[in-house]
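Visitor: I'd like to learn how to read sheets in a structure. Could you walk me through one?

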Amino acid sequence: MSSKGSTIYELDADNQICHIDGDWDQFLQANTDEPQNRDRLRKKQVIGNKLETYVQDTTTRMLLHTVFDFVRQTQQTKALPYRCDSADRKRYMSMQIEPLADAGLRVSHTQLRSEPMDPPVVINPVTDANEAIVWRCSICNRIESEQVWLEPDEAALLWCRQSFNVSYTVCPVCMNSV
Ligand SMILES: [Zn+2]
């Protein structure tokens, strides 16, 4: 995607996606690795689905509900910084949530800046509980081992690994910042 491109969508009171703006297809091409995910997320197929469908873990879903409730109740716009890394870039993003009429929300995702990931780190999301996994924070993208949360490249250097099988959650720092 272009570095300043935004992806914008609107949610109705039930968090159903009712409108999409911006470079959605392009955004997905740049941000989604697996082709089958990309197909599932094409613009036409996304309209009418609940946002929750696209959020993998329950902790992140809970956190988004908390933010959405806050915006609906206070009618205040809230910005949530997060990371959307690729294997070789740390991408610093912002998710802005604005209140609309009838308990709707407008959600804008914008890339603020990026830095190289050095060394590159391959992340494999794993759903099979039997596989050896580490936790990854879906907001800041850090990885947990023995209750220490590390940047992916720090973890790669420390553990001499180039890839991690991860399960998503939200780290305590991000949980407290919301
Ligand atoms: Zn975090």
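Guide: Let's start with a pair: strand S1 (residues 6–11) and strand S5 (residues 105–116) are joined antiparallel by six bridges. Strands here are DSSP runs of E with at least two residues, helices are runs of H or I with at least four, and both are numbered from the N terminus. Two strands count as paired if DSSP finds at least two bridges between them. This is a predicted model, where local features need pLDDT of at least 70, side-chain atom pairs count only at pLDDT 80 or more, and totals for chains, interfaces and linings use all residues. Residues are numbered from 1 along each chain as its sequence is written.

Visitor: Which residue in S5 stands opposite Thr7?

Guide: That's His109.

Visitor: In what order do the five strands of this open sheet come?

Guide: S2-S1-S5-S4-S3, with antiparallel pairing. Strand S2 (17–22) and strand S3 (78–83) are the edges; each has a single partner strand, so one side of each lacks a neighbour in the sheet. From one strand to the next, the twist averages 20 degrees. Angles run from 0 to 180 degrees between N-to-C directions, with axes fitted to C-alpha atoms (for helices, over the stretch in contact).

Visitor: Which strands does helix H4 touch?

Guide: H4 (residues 58–74) packs on the sheet against S3, strand S4 (89–99) and S5, its direction making about 35 degrees with that of S4. Contact means C-beta atoms, placed from the backbone, within 7 Å.

Visitor: What is the pairing in the open sheet S6-S10-S7-S8-S9?

Guide: Mixed, across five strands. In that sheet, S6 and strand S10 (residues 163–169) run parallel, joined by four bridges. Asn124 has Asn165 in S10 as its bridge partner.

Conventions
Contact = placed C-beta atoms within 7 Å.
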